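Here is a short briefing on one protein model. Please read it with the coordinates open.

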Amino acid sequence: MCMNIRISQQGATLAETVVIIAIVALLVVVVGLPFLRFRQQQALQNTTNAVIAVLNEARTKTLAAVNNTTYSVRLESDRVILFSGTTYNSADSTNQITIYESPITAQWNLQPTPGTTNVISFTRLTGATTNSGTITLSIPGGATRTVTIDLPGTITRS
């Protein structure tokens, strides 16, 4: 008994390929964009927590008189730096640098002269600061978190 089996070797047509590419692109948009937004919101929350933690550490170390000095925090658009003393020295090996998660950026408005100071220092006996104000962390698309430091040195978020 002899059987002739024909095997067809046809490829996908151009129309079928275009439909498959369109379906894959639609799935990427439907699933990918919400995931990206969720990831950015998480980065914003994590960075806000990190900034608050650095500010609290500077205040706590100052109140505890660690190394018999005060501690300060320098704000930059992409990082926050904990350092000893009130004058920032970028070459000091004891500086603790915390880089914001991507794509977070920061702006600040600190008193007594808004826009001219980016250092928050705490007083040894009280934990107070003369540089009160706000730090605004943001992601592309407009979502923001605000960290507020008041004159007694209390740190809050909104």
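Arg-74, Glu-76, Asp-78 and Arg-79 are linked in a network of salt bridges. A salt bridge here is a side-chain nitrogen of Lys or Arg within 4 Å of a carboxyl oxygen of Asp or Glu. This is a predicted model: local features need pLDDT of at least 70, side-chain atom pairs count only at pLDDT 80 or more, and totals for chains, interfaces and linings use all residues. Numbering runs from 1 along each chain as its sequence is written, and side-chain values use heavy atoms, with hydrogens and water left out.

**Salt bridges**

- By this rule the count comes to 5 salt bridges.
- Glu-76 and Arg-74 meet through their side chains at 2.8 Å, N to O.
- Glu-76 also forms a salt bridge with Arg-79, where the closest N and O atoms are 3.7 Å apart.
- Arg-79 pairs with Asp-78 in a salt bridge too, with the closest N and O atoms 3.3 Å apart.
- How accessible is Arg-74? Arg-74 counts as partly exposed, at 22% relative accessibility.
- The classes are buried (under 20% relative accessible area), exposed (over 50%) and partly exposed (in between), with a 1.4 Å probe and protein chains only.
- Arg-79 is partly exposed at 23%, and Asp-78 is partly exposed at 32%.
- Side chains of opposite charge can pair when their charged atoms come close.

**Helix α1**

- Helix α1 covers residues 14-63. Helices (H or I, at least four residues) and strands (E, at least two) are DSSP runs, numbered from the N terminus.
- The 50 residues of α1 should span 74 Å at 1.5 Å a residue, and the end C-alpha atoms are 71 Å apart, which agrees. The expected span is 1.5 Å times one less than the number of residues.
- Where does α1 bend? The bend is at Gly-32, by about 30°, and the proline Pro-34 follows within four residues. The bend is the angle between axes fitted to the seven residues ending at a position and the seven starting there.
- The buried residues of α1 include Gln-40, Ala-43, Leu-44, Thr-47, Thr-48 and Val-51. Leu-55, Ala-58 and Thr-62 are also among them.
- An α-helix has 3.6 residues a turn, so residues three or four places apart point the same way.

**Nonpolar surface patch**

- Val-19, Ile-23 and Leu-27 make a nonpolar surface patch of about 280 Å².
- Patch residues have over 30% relative accessible area and no salt bridge; like charges are joined within 9 Å, and nonpolar side chains (Val, Leu, Ile, Met, Phe, Trp, Tyr) within 5 Å.
- Accessible areas come from the Shrake-Rupley method with a 1.4 Å probe; for residues, only the protein chains shown count as cover.
- Ile-23 lies in α1 and is partly exposed, with a relative accessible area of 49%.

**Nonpolar core**

- The largest nonpolar core has 25 residues, of which Leu-55, Val-73, Ile-120, Ile-135 and Leu-137 touch the most other members.
- At least two residues of this core come from each of α1, β1 (71-75), β2 (79-84), β4 (105-110), β6 (133-138) and β7 (144-149).
- Helix α1 supplies the largest share of this core, 7 residues.
- A nonpolar core is a set of buried Ala, Val, Leu, Ile, Met, Phe, Trp, Tyr and Cys residues joined through side-chain atoms within 4.5 Å.
- In soluble globular proteins, nonpolar side chains tend to be buried together.

**Backbone exceptions**

- Most residues other than glycine have a negative phi, and most peptide bonds are trans.
- Ala-65 follows α1 and has a positive phi, near 55°.
- Asn-67 has a positive phi near 55°, sits in the loop between α1 and β1 and is exposed at 67% relative accessibility.
- Asn-68 has a positive phi of about 55°. Asn-68 belongs to the loop between α1 and β1 and is exposed at 58%.
- Which peptide bond is cis, with omega near 5°? The bond from Ser-102 to Pro-103 is. Pro-103 lies in the loop between β3 (96-99) and β4.

**Distances across the sequence**

- Thr-136, in strand β6, is partly exposed at 25%.
- The C-alpha atoms of Thr-136 and Gln-107 are separated by 5.2 Å, and these residues are 29 apart along the chain.
- Thr-144, in strand β7, is partly exposed at 38%.
- Thr-144 and Leu-82 are 62 residues apart in sequence and 23 Å apart in space, C-alpha to C-alpha.
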